[in-house]
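User: I am new to this structure. Can you show me how to read its features one by one?

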Amino acid sequence: MVSPALSRRRLLSAGLWTALAGVTATACGGGSDAGPSGPDGPLTLWSALRGTDTLVAAWNELHPEEPVDFSPMTSGLAGGNAKLSNAARAGNAPDIVTLVDADLPSFAIDGVCADLTGLVTPRLRERLGPQAWTNGVLDGRTYGIPVDLGPMLFAYREDILTRHRIEPPTTWEEFGEAARRLKRDAGVDLATFHPNAYNVLAGHTMQSGGQWFAIEDDAWVLDFLGEPSRRVAEFWQGLVDEKVLMFAPGSSQQWLSALARGAVASHLVGPWGLAALVRSVPGTSGRWRVAPLPRWEGGEDVVGTDGVSVHAITADSDKKERAMRFLEWMTTAPEAITARLSGGRSSILPADAGLVANASREFDTAFYGGQDVYRLVEQQAALLRTGWTWGPRMQATATSLHQALARLEYGTTIAEALRTAQSETLPDLRSLGLSVRQA
């Protein structure tokens with residue numbers, strides 16, 4: 001995210017606030033244009049976040065006078081972002097939409113998201129805490145209400161590692177050694193490299209101390225090839241070259257089948273992915289455990305994040321105050337997190353630390369052998385890397401990176417994929433009128 005410490009003048013010089021000027025002036029006043037359902041109709045909510053249906057049902061039962069109309073949508077890169085952009089242009093955007101944190105700057109710059117700074121109550125600001133608010137703040141202004149925290153974790157098949165006398169790796173050096181040993185002794189891949197998971201590669205870069213995007217001297221600075229990024233690229237490239245990892249797209253049938261039959265022994269993912277794993281490979285229940293992500297030897301004891309969500313109120317919504325009441329309930333009420341997790345489809349770590357105990361009680365840990373998963377996740381969240389900045393057009397950047405990473409099987413390297421993503425992002429941002437340079 002853009003650091004709150006950055007001055008308005010610097011962002012203006014970088015071209016970021018051109019489209020935001022009109023949004024800030026109207027957002028806090030409640031707006032004057034009627035949304036798709038009219039000023040007295042139900043709030044409209046689009047979300048791809050699991051458990052939103054049961055959460056909305058709970059709200060509607062408790063607050064029948066302020067109903068919410070929920071519509072599921074696909075994730076951003078799977079078409080959700082395009083749907084939202086088209087709806088905003090046509091004047092049909094919902095009142096509230098769930099966004100991945102990486103996509104918030106783009107929609108804020110385009111004027112889709114309202115400035116919510118004046119609508120955030122002191123209670124909400126305090127309950128979610130500064131670490132969570134980093135994901136929803138741009139230049140000191142709030143454009144998204146944080147939902148969760150997402151420290152990367154190492155979920156692994158305890159039975160497979162125990163059978164081959166391999167301890168969960170605590171360093172990346174140990175991770176590499178374990179991958180080689182497991183492949184040699186059992187023909188099993190320790191983990192998978194997903195060419196369509198820019199967020200995972202970004203999470204590794206965060207942990208290593210890298211910074212793909214920054215703002216310096218009134219300009220965006222791109223640095224996909226700095227020493228920390230190269231370190232990450234070289235490490236994973238080595239394992240790919242040695243063929244001790246599975247190479248498959250995330251969520252693909254090929255990958256899920258390998259997990260189900262024990263051909264892959266771990267999954268690197270944020271808390272949200274723990275419930276998804278339960279539903280994806282139910283036949284392996286009781287065999288999985290969760291451990292901290294390995295660390296770089298000699299590096300800081302930090303972890304990166306693997307995709308967290310924020311809720312934005314759209315600029316054209318005429319029900320902003322009602323929307324904020326719903327969002328405050330959603331992110332701070334015990335009955336809200338209970339409702340979201342009640343169906344077993346969600347395992348998010350609430351941004352409100354006061355709700356972690358509720359989430360822990362609701363989450364069925366049988367799949368993970370009864371392990372107190374939420375205690376570990378909460379501990380790891382305290383070590384999240386801060387200061388990361390997402391670029392102003394992450395969907396385009398992610399698409400460039402994914403297309404390049406897909407060619408790894410044909411001789412391209414991860415470092416070359418990063419170089420391609422940077423070289424294609426540079427003119428893309430300049431075409432928007434932004435001041436941008438390479439590090």
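Analyst: Start with a loop. This model is predicted. Arg165 sits in the loop that joins helix H7 (158–163) to helix H8 (172–186).

User: What is phi of Arg165, and is Arg165 buried or exposed?

Analyst: Phi of Arg165 is near 55°, a positive value in a residue other than glycine. For exposure, the cut-off is over 50% relative accessible area. Arg165 has 73%, so Arg165 is exposed.

User: Which other residue has a positive phi although it is not a glycine?

Analyst: Lys243, with a phi of about 60°. Lys243 is found in the loop between helix H10 (227–241) and strand S12. Its relative accessibility is 62%, so Lys243 counts as exposed.

User: Where is Ser252, and is it buried or exposed?

Analyst: Ser252 is in the loop between strand S12 (246–247) and helix H11 (253–260). Buried means under 20% relative accessible area. Ser252 has 16%, so Ser252 is buried.

User: What lies 2.7 Å from a polar atom of the Ser252 side chain?

Analyst: The backbone oxygen of Pro249.

User: Now helices. How do I check the length of helix H13?

Analyst: Count residues, then compare spans. Helix H13 covers residues 320–332, which is 13 residues. At 1.5 Å a residue, H13 should span 18 Å. The C-alpha atoms at its ends are 18 Å apart, so the two agree.

User: How many residues of H13 are buried?

Analyst: 11 of the 13, so H13 is largely enclosed by the rest of the structure. Among the buried residues are Ala323, Met324, Leu327 and Thr331.

User: How is the packing of two helices described?

Analyst: By the angle between their axes and the distance between the axes. Take helix H3 (residues 52–62) and H13. They pack at an angle of about 120°, and their axes are 11 Å apart. The crossing of H3 and H13 is right-handed.

User: Which residues meet where H3 and H13 pack?

Analyst: H3 brings Leu55, Val56, Ala58, Trp59 and Leu62. H13 brings Arg325, Phe326, Trp329 and Met330. The residues of this contact divide into 8 nonpolar, no polar and 1 charged.

User: Why can residues a few places apart on a helix point the same way?

Analyst: An α-helix has 3.6 residues a turn, so residues three or four places apart point the same way. Look at H13 with this in mind.

Key: Residues numbered from 1 in each chain as written. Predicted model: local features only at pLDDT ≥ 70, side-chain atom pairs only at ≥ 80, totals over all residues. Heavy atoms only, no water. Helix = DSSP H or I, 4+ residues; strand = E, 2+ residues; numbered from the N terminus. Expected span 1.5 Å × (residues − 1). Buried < 20%, exposed > 50% of the residue type's maximum accessible area, 1.4 Å probe, protein only. Axes fitted to C-alpha atoms, helices over the stretch in contact; angles between N-to-C directions. Left-handed = near helix turned anticlockwise from the far one by under 90°. Contact = heavy atoms within 4.5 Å. Nonpolar A, V, L, I, M, F, W, Y, C, P; charged D, E, K, R; others polar. Polar contact = N/O pair within 3.5 Å; in protein donor to acceptor, adjacent residues only side chain to side chain.
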